[in-house]
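User: I would like to understand the terms used for this model and what each of them rests on. Could you take me through them?

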Amino acid sequence: MITKQLSIFLQNKLGRFAQVASILGDAGLNMRAFTVTENADYGIVRLIVEDVERAVETLRAASFAVNLTDVVIISIPDKPGILAQYMRTLADEDIFIEYMYAFSNNSHANVVIKSNDNQRCNALLESKQAESL
Amino acid sequence: MDEAGVTPDDIQSIDDIRKLPFMQKKDLREYYPTDTFAAPIKDIARFHASSGTTGKPIVAGYTVHDLECWAEGVARCLTAYGVTREDIVQVSYGYGLFTGGLGAHDGAGKIGCAVLPTSSGNTAKQIMLMKDLGTTCLCCTPSYALFLAETIENEPDVRPEDLKLRVGVFGAEPWTEGMRHALEQKLHIRAYDIYGLTEVSGPGVGGECEFQNGTHLWEDMFYPEIIDPVTLQPVEDGKEGELVFTTLTKEGMPVIRYRTRDLTRLIRERCECGRTAVRMDKILGRSDDMLIIRGVNVFPSQVEAVIMEMPEVTGQYFITVDRVNNIDTFDIDIELKPDYYGDNLSTIERTKQQLSERLVSVLGIKPTLHIVEPGSIERSMGKAKHVNDKRKFKN
């Protein structure tokens with residue numbers, strides 16, 4: 001499915017991410033997945049939450065720079081070689097992956113993908129998923 | 001005068017003013033608090049004082065006549081901006097020793113405007129009163145106006161179109177054309193410069209007119225000259241240099257050839273508005289605010305001009321200069337508008353690169369840029385502090 005990812009700009013300062021986490025925690029907002037991309041001065045937290053609208057509102061109210069990006073989320077079996085098959089499907093259709101991150105819960109792996117064509121990426125992955133069921 | 005070898009007989013025409021020595025801020029400090037006053041204290045109706053961040057402040061004394069002339073200067077400015085007695089004028093300059101608040105107050109009062117003396121600070125209340133009373137004219141520093149505009153943008157209950165604001169009267173610090181465009185767009189106003197300084201009088205030594213192409217100086221009260229700040233010789237008309245004033249009507253604390261440290265040029269050509277009062281160009285910088293970084297002269301206003309032309313940034317900036325291992329460091333913190341942070345570092349780096357290239361071409365020296373979080377650069381209620389020079393020995 002296609003969902004909204006939050007991208008939060010943070011300067012590299014001690015405790016900055018702790019603040020983000022506590023603001024979301026205090027608002028009762030659960031983080032489902034995140035990754036951080038950074039350089040020496042600053043970083044961007046890419047974050048998946050359940051209640052996107054409220055999370056954005058809460059963080060912006062605390063003066064954080066939050067932007068929304070469409071990403072594709074797919075859940076696949078957590079077995080060797082499965083991700084390779086899905087990735088090949090995308091490559092065969094000329095879809096570039098700009099970035100991705102994943103986490104597994106033993107039976108399944110959830111993969112978050114930002115591609116150059118999220119609509120096609122999502123359609124391809126979902127049909128592949130239906131095929132393998 | 002004795003040291004300069006000048007006697008009253010030497011002064012026959014206005015050109016002889018060049019024979020007189022200069023007055024500087026340090027002279028006023030040295031004769032703190034009132035030794036430069038020309039009127040006895042019993043004739044003084046009011047005191048003001050400069051902020052005096054270093055050492056003793058400068059105390060200015062005004063007679064009743066001085067206060068009348070001062071209000072006249074401000075009233076002329078407001079009239080030139082199209083303000084009439086129908087207007088509601090919100091004075092968000094600080095009231096007190098600072099000349100901004102009471103200066104604007106008395107000028108607006110002279111015209112018969114409804115004055116709303118909010119003073120500076122308490123931004124939420126400022127905006128509430130601005131909306132509820134229908135303020136049409138806002139007087140404050142340009143940096144506070146930018147802060148008000150940003151606050152309004154983030155305030156869901158107030159939109160600029162709900163406000164009745166039409167005129168902005170901004171002064172007490174130099175600002176750029178880029179800042180003007182930003183303020184005019186954000187607040188839906190026409191933004192005008194008002195110029196002045198406590199040592200000479202206060203705000204209203206001069207102001208722009210509806211053509212916004214130079215600040216008219218009220219020459220009947222303040223005689224302006226432009227000098228070369230190094231040789232101290234007058235420069236040719238139209239050339240850039242340091243602005244110097246001699247007061248012609250002041251009784252309390254008159255000044256002779258007072259060096260403002262403001263760098264500008266005088267425009268003698270007749271203005272389209274019909275006013276014959278000489279105009280000065282925008283203030284390029286201050287001869288004492290000028291930073292010499294690795295031997296290059298840098299004015300904070302140049303940095304501001306570049307930043308203001310980039311759509312990605314908020315217009316807030318902070319310059320830090322230091323010396324590490326005998327080499328000057330030059331760092332600028334810049335905020336992006338929230339939408340421009342995006343979801344990847346390369347976009348931010350690209351914006352940073354563009355800014356850096358632009359700054360190098362204007363300044364002739366490469367600053368180290370730091371993109372910081374929105375809202376993290378301290379906002380000022382009064383005169384903005386844009387520079388921290390940590391070097392021990394000023395060059």
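Analyst: Helices (H or I, at least four residues) and strands (E, at least two) are DSSP runs, numbered from the N terminus, and by that reading the elements of chain A run β-α-β-β-α-β-α-β-β-α, which comes to four helices and six strands. This is a predicted model, in which local features need pLDDT of at least 70 and side-chain atom pairs count only at pLDDT 80 or more, while totals for chains, interfaces and linings use all residues. Residues are numbered from 1 along each chain as its sequence is written, and chains are lettered from A and ligands numbered from 1 in the order in which they are written.

User: Which residues of domain 1 and domain 2 of chain A are in contact by count, and where do the domain bounds come from?

Analyst: The bounds come from an automatic or database domain assignment, which gives domain 1 (2-68) and domain 2 (71-132) in chain A. Two residues are in contact if their C-beta atoms, placed from the backbone, lie within 7 Å, and the contact takes six residues from domain 1 of chain A and nine residues from domain 2 of chain A. On the side of domain 1 of chain A that touches domain 2 of chain A, β1(A) gives the largest share, three residues.
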